[in-house]
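Subject: Structure handover

Hello,

Here is the structure you asked to look through. Please open it alongside this message and keep the sequence at hand.

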Amino acid sequence: MIFAVISLILGIVIGYLCNFSIPMQYSQILTVLILIGLDSVFGGTKAILADKYYGVRFWSGLLLNLALAIILLLSSTYVAPGLSYAIIVVFVFRIFKNFTAIQKMLFKKK
């Protein structure tokens, strides 16, 4: 746990100090990738709290979600340009669903 907190603080400091900009054409893809990462982190946290965490399931879910989202994003540029918004809505919904489950597990009455 302490390693995660130190890594988070170190990442924030490095990100603040580096002058790095992302080209506009990649901003939508990066948004989806960040949402997928957050979805996986919240899903993993929920599984840890429910004593159902399995590392292989976490990593395979993360990689498969990434692959599927990238395929959908790349195909949406040719087929349906609005599909990326649907992907964002789905992952935001899943993040809030996982967050609500985590909150219920942490604050349930005994």
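Below are notes on the helices, the contacts between them and the aromatic rings.

Please bear in mind that this is a predicted model.

Helix α1

Helix α1 covers residues 2-17. With 16 residues at 1.5 Å a residue, helix α1 should span 22 Å, and the distance between its end C-alpha atoms is 23 Å, which agrees. The number of buried residues in α1 is 0, so this helix lies largely in the open.

Helix α2

Helix α2 takes in residues 27-49. After α2 comes Asp-51, which has a positive phi, near 55 degrees.

Which residues of α2 are buried? They are Val-32, Leu-35, Ile-36, Asp-39, Ser-40, Gly-44 and Ala-47. The cover over these buried residues includes α3 (55-76) and α4 (83-106).

Two residues of α2 can be looked at separately. Ser-40 is placed in this helix and has 9% relative accessibility; the cut-off for buried is under 20%, so Ser-40 counts as buried. Leaving aside residues up to four places away in sequence, Ser-40 touches Phe-58 and Leu-62. Gly-43 also lies in α2, but at 24% relative accessibility Gly-43 counts as partly exposed. Gly-43 and Gly-61 are 18 residues apart in sequence, and their C-alpha atoms are 9.7 Å apart in space.

Helices α3 and α4

How do α3 and α4 run relative to each other, and at what angle do they pack? The angle is about 155 degrees, and the axes are 8 Å apart. Angles over 145 degrees count as roughly antiparallel, so α3 and α4 are roughly antiparallel to each other.

On the α3 side, the contact is made by Asn-65, Ala-69, Leu-72, Leu-73 and Ser-76. These meet Leu-83, Ser-84, Ile-87, Phe-91 and Arg-94 in α4. By type, the residues of this contact divide into 6 nonpolar, 3 polar and 1 charged.

Aromatic rings

How many aromatic pairs does a search of the whole structure find? The search finds 3. One of the pairs is formed by Phe-42 and Phe-99, in an edge-to-face arrangement with 5.8 Å centre to centre and 75 degrees between the planes. Phe-42 belongs to helix α2 and Phe-99 to helix α4, so this pair ties together parts that are 57 residues apart in sequence. Phe-42, at 24% relative accessibility, counts as partly exposed. Phe-99 has 42% relative accessibility and also counts as partly exposed.

Tyr-53 and Phe-58 form a tilted aromatic pair, with 6.1 Å centre to centre and 45 degrees between the planes. Are these two residues buried or partly exposed? Tyr-53 counts as partly exposed, at 39% relative accessibility, whereas Phe-58 counts as buried, at 19%. Ring pairs link Tyr-53, Phe-58 and Trp-59 into a cluster. Phe-58 is also one of the residues that Ser-40 touches, and Ser-40 is in helix α2.

Regards

Note on methods: Residues numbered from 1 in each chain as written. Predicted model: local features only at pLDDT ≥ 70, side-chain atom pairs only at ≥ 80, totals over all residues. Heavy atoms only, no water. Helix = DSSP H or I, 4+ residues; strand = E, 2+ residues; numbered from the N terminus. Expected span 1.5 Å × (residues − 1). Buried < 20%, exposed > 50% of the residue type's maximum accessible area, 1.4 Å probe, protein only. Contact = heavy atoms within 4.5 Å. Axes fitted to C-alpha atoms, helices over the stretch in contact; angles between N-to-C directions. Parallel < 35°, antiparallel > 145°, perpendicular 65-115°, else oblique. Nonpolar A, V, L, I, M, F, W, Y, C, P; charged D, E, K, R; others polar. Phe/Tyr/Trp six-rings, centres within 6.5 Å; stacked < 30°, edge-to-face > 60°.
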